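Me: I have a structure open and would like to learn how to read its features one at a time. Could you take me through them, giving the general idea before each case?

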Amino acid sequence: MNIVLDAEEANEFGISQLVPSTTRSLIFAVLLIEQDHQYGLRREDIMTQTFFMQHKLISKNPQAIVNNKDVISEDWLSLFDNDFWGTNIKSNLSHKSYRPLTILSFRLNYIISENGITILGFCIVYEVVSKFHVFKKQSTDSKKTYLLWHINRRSWTRIAVVSLAAIFLLYGRWLIMGGIKPEFKPSNNPAAFSTDLFTKVATFHYIYFLNFILLVWPQWLCYDWSMGCIPLIESVLDYRLVSVTLLYLYGFLYIRTILKSGESSKRLMILATSLLIIPYLPAANILFPVGFVIAERILYLPSAGYCLLIAISINKLCCTNKKVYKVVITAYVFLISIYSLKSYRRSFDWQSEYSLFINGLSVCPLNAKVRYNVAKVADARQNTTWALLEYKEAITLYPEYYQAMNNLANLLKNQKQFDEAEFYLRKAVSLKEDFPAAWMNLGIVLANTKRFHESEMAYLKALRYRRNYPDCLYNLGNLYLEMNNTDAASVSWFAAISINPKHAYAWTNLIAMLDNTGQTDKALEIIPKALDELPETPSLIFAIANVYGRINQFELAEAHFKKAIELFNHKVQAIHFANIGVLYHRWKKYDLAKLMYKRALQIDPMFKSAKKNLALLLN
């Protein structure tokens, strides 16, 4: 029995979802409708809160929560050395997303995250806009009019403190990252790696348009937007440039509207615009390239600015013409209801990995990572044909996708298509030589084709790149056993167990090998340790039962056989009943032996040893 590993994802798995808050929003809407016809900031505040609850985005990442070693580790200090996904922050493989308080509490995840720091910039803008006063003063001598501006001392103090705090946090992050920038792959953010300036700039601006659309109309939500999800704009004739033009035309008209507005409205609109734009800047690829194309979680804080703009607009409509009050409020409640229904519908996509990945496929069919994940869930559902197609499509979309090649090769190996499996594994290690899982799987394929020396070299190569690799040591032990080198096999399995004391397959094969080679004393010596580590592992208990049966300790053997069969449950095989049948046969409990042989034959009517032994008893 060989252990085969899937490729591990090293990239960020940025996924987000709309969060429903329907009940609260409807309560706020009712309060709003019941307000009198005095229009002011209170109404805007209520509308903004209501709209924001329907529009907010929350980051979710199973890789950061379920599989993060900092979450499940007993060491509470390691999280301060690692990024959000448990990778050492100083490593080149780290995305430099440093959120230790998130790992600690899952509540303060925006205190020192990227767009969390940008909120300090908004605080500065807020202080300037709200406390900045411009007034005219006429000179008594020359009768000329001067424009004077004024900010009080307390405001200057607050601006200075917030600025220093921002600088301190940015410098602290830089120190924590080891003073190095993160290194991303072209698949993470293709536009950032483009050598053509037009392609880079045009694609980035189209991405801004898509982020704006996701705020206004969150119809296309996907857990991952990398790997070709948004094709690069490489020609001035690309129709998507029309969208970019419309975005900036709208921006121009919006700026004109701000300039023509009254003083109070102008301040509010500038604040809302600042809250919309400033938190998005770290994701805009302006200051530095980022490791994603679109990350919906980045829109969490900007969505608050968007919601504030909606509230300002609704308030202005109502103030302009009180006759349209009911129409505007009805439209507002309708908008909240639409977002609520969309949130409710989106929640179904998050019920399982399968539904989430299938939804991603409908949004980003050109995304190789989406295809890869669909293939994994198809394989988990035993739909091998579909999984093969999706893995091959992922490789077609991204020819350097070595993780997909590794997993595709595993499926091909299981179907005995060893030549094609070897082709993909060799291609995977040629693209990434330090890919221990692929080297190990290549060793399994080579062992199946009886090329033992090449197989051994592949296993040793895997161990070269990952020294503490218990699965590889286990498979190497299997190879040595097949080569009749039982001493080397024993050494490999002991090494696997020393790294991972709960490696069930290594314990099972080691005890079975010692039993079959007459080293019963050694087997009996390690059995207590094995049972301490794995007291409920049926394959191990079955191997131990065979050891006790061989030395005629029938009661112990019977107890372990029965326990193993009970633990195997619906996965019990003919050999399990056949072996306990042999035990009863030797124990001279012939009726029980017959019963066990018959049960074995019910599972597999062609099981030779059971047929032969049952025939001996019947004769």
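Reply: Helices (H or I, at least four residues) and strands (E, at least two) are DSSP runs, numbered from the N terminus. Please keep in mind that this is a predicted model, in which local features need pLDDT of at least 70 and side-chain atom pairs count only at pLDDT 80 or more, while totals for chains, interfaces and linings use all residues. Residues are numbered from 1 along each chain as its sequence is written, and side-chain values use heavy atoms, with hydrogens and water left out.

Me: In which kind of crossing does H26 pass H28, and at what angle do H26 and H28 pack?

Reply: H26 passes H28 in a left-handed crossing. For angles, axes are lines fitted to C-alpha atoms, for helices over the stretch in contact, and the angle, from 0 to 180 degrees, is taken between N-to-C directions. H26 and helix H28 (residues 608-618) pack at about 30°, with their axes 10 Å apart. That makes H26 roughly parallel to H28, since angles under 35 degrees count as roughly parallel, over 145 as roughly antiparallel, 65 to 115 as roughly perpendicular and the rest as oblique.

Me: How do H26 and H27 pack?

Reply: Helix H26 (residues 574-586) and helix H27 (residues 590-603) have axes 8 Å apart and an angle of about 165°, and H26 and H27 are therefore roughly antiparallel to each other. Here too H26 makes a left-handed crossing as it passes H27.

Me: How should I read a salt bridge, and how many are counted?

Reply: A salt bridge is a side-chain nitrogen of Lys or Arg within 4 Å of a carboxyl oxygen of Asp or Glu, and by this rule the count comes to 17 salt bridges. One of them joins the side chains of arginine 345 and aspartate 349, at 3.3 Å from N to O. Both residues lie in helix H12 (residues 325-349), 4 residues apart, about one turn of the helix.

Me: Are arginine 345 and aspartate 349 buried or exposed?

Reply: Buried means under 20% relative accessible area, exposed over 50%, and partly exposed in between (1.4 Å probe, protein chains only). Arginine 345 counts as partly exposed because its relative accessibility is 46%, whereas aspartate 349, at 8%, is buried.

Me: Where do glutamate 422 and arginine 451 meet?

Reply: Their side chains meet in a salt bridge of 2.5 Å, N to O. This pair links distant parts of the chain, with glutamate 422 in helix H17 (residues 418-431) and arginine 451, 29 residues apart from it, in the loop between helix H18 (436-448) and helix H19 (452-465). Glutamate 422 is buried, at 11% relative accessible area, and arginine 451 is partly exposed, at 27%.

Me: What does the salt bridge of lysine 562 look like?

Reply: Lysine 562 pairs with glutamate 558, and their closest N and O atoms are 3.4 Å apart. Because lysine 562 and glutamate 558 are 4 residues apart in helix H25 (residues 554-568), about one helical turn separates them. Lysine 562 is partly exposed, at 47% relative accessibility, while glutamate 558, at 15%, is buried. Elsewhere, salt bridges that share partners join Glu422, Arg426, Arg451 and Glu454 into one network.

Methods: A crossing is left-handed if the near helix is turned anticlockwise from the far one by less than a right angle, and right-handed if clockwise.
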